[in-house]
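Colleague: I would like to learn how to read a sheet. Could we go through one together?

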Number of protein chains: 2
Amino acid sequence: MSLVRVHNFSVSLDGFGAGEGQQLDAPFGHAGSRLMEWAVGTRTFREMGIPGESPGSSGVDDAFARNWGSGIGAEIMGRNKFGPQRGQWEDDGWKGWWDADPVFHTPVVVLTHHPRPALEMEGGTTFHFIDADPVAALEQARNLAGGLDVRIGGGVSTVRQFLAADLIDHLHIVLVPIVLGRGEQLWDGLEELEQRFDIEATPSPSGVVHLIFTRRTAG
Amino acid sequence: MSLVRVHNFSVSLDGFGAGEGQQLDAPFGHAGSRLMEWAVGTRTFREMGIPGESPGSSGVDDAFARNWGSGIGAEIMGRNKFGPQRGQWEDDGWKGWWDADPVFHTPVVVLTHHPRPALEMEGGTTFHFIDADPVAALEQARNLAGGLDVRIGGGVSTVRQFLAADLIDHLHIVLVPIVLGRGEQLWDGLEELEQRFDIEATPSPSGVVHLIFTRRTAG
């Protein structure tokens, strides 16, 4: 059975998944790198191209981080995760934040009100630009996933919309003990979300707490 | 050295320390008992008079809960914790939510814009009704505490004000994995609070996560 999964999604104590003022050189806004510090030291993120002196840790942070790709046949992401542009695309020059061989290695559905032709990259990643609600986007992603799971890759509003539509089976939240004060809220409109999930908490020596939400009934 | 401490203070994933619609028969508003379920099963809370069939658990929830009274010489609470009345006191009949022998057994400073004479109860608890800002209230509480620590007993806005004034040395937050959606926010106005604290996380089999904030520099 194909599940819908979210991995490595960091939020602050006050529920922000990104800070205020997101832009090209500050994808998490005023939060800077604070929400992802737990991840950059892991072997998984080193292998995705995050630079560092050591080969990366293989402790509990890495154990959770590593699950992001296993059994995934497609990702759905918001346009904000694909690039900083808004409105009509000026040209087809922007090919995402990643290099010629993006880390995904699967089809990726990019949600946008401005569809454009699919963009095939090296290594198996193809970006499909689609204007669709969560249910329709998931149907398209499942068609592309070849029976494997679908990952909801973010950003914050994309994850929130899929949670609100009750489409997510497995949710990995990384609670980072910081107070951001402002930014993009994950939990808005999700009152009583916990009633649909079993929730398990695991702390890490890095200071974060991994929260695993497992949906109680199949979708 | 006398420290200022907060214990057993529950917040939801979205940062609410109480729900919406707090009133006499619903002190946590629409949150009901959900924020305190972890506590009512502990031996510490049974000994405070919370009814239950077993003698109460002595696991990690109880270990943290039990610290609330040790070494405390006085408590400061908001008026909302003392009673549901607002504005001028109609008479002196209300003696708090507790019985003739309240659980505190120390002086208790009640913050109110409507001072009234001190109220001496059985068992060592005396309520002092004071109109003061956090710094002045703490000075009075320290005078009453005989060199012991001072506990900030809540509610949410009282804890938030003392955190904003940087007066708290030890903060025990119990993160309850629920999304309340509305109510009284603990974290408002506390951006970068974490920079003043070392933070340790311990999960409990009950599902909550205990977060211990220890102030980095003495006040």
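Colleague: In what order do the nine strands of the open sheet in chain A stand?

Modeller: Some ground rules come before the order. This is a predicted model, in which local features need pLDDT of at least 70 and side-chain atom pairs count only at pLDDT 80 or more, while totals for chains, interfaces and linings use all residues. Residues are numbered from 1 along each chain as its sequence is written, and chains are lettered from A and ligands numbered from 1 in the order in which they are written. Strands of a sheet pair through backbone hydrogen bonds, either parallel or antiparallel. Strands (E, at least two residues) and helices (H or I, at least four) are DSSP runs, numbered from the N terminus, and two strands pair if DSSP finds at least two bridges between them. In chain A the order is 5-6-4-3-7-1-8-11-10, with mixed pairing. Strand 5 (119–120) and strand 10 (197–203) stand at the edges with a single partner strand each, so one side of each has no neighbour in the sheet.

Colleague: Which strands of chain A pair with strand 1 in the parallel sense?

Modeller: Strand 7 (residues 149–154) does, over two bridges, with A:Arg5 opposite A:Arg151. Strand 8 (residues 170–176) also does, over six bridges, and there A:Ser10 faces A:Val174.

Colleague: Is strand 1 of chain A mostly covered or exposed?

Modeller: A residue is buried if 20 or more other C-beta atoms, placed from the backbone, lie within 10 Å of its own, exposed if 12 or fewer, and partly exposed in between. Strand 1 (residues 4–12) of chain A is mostly covered, with nine of its nine residues buried.
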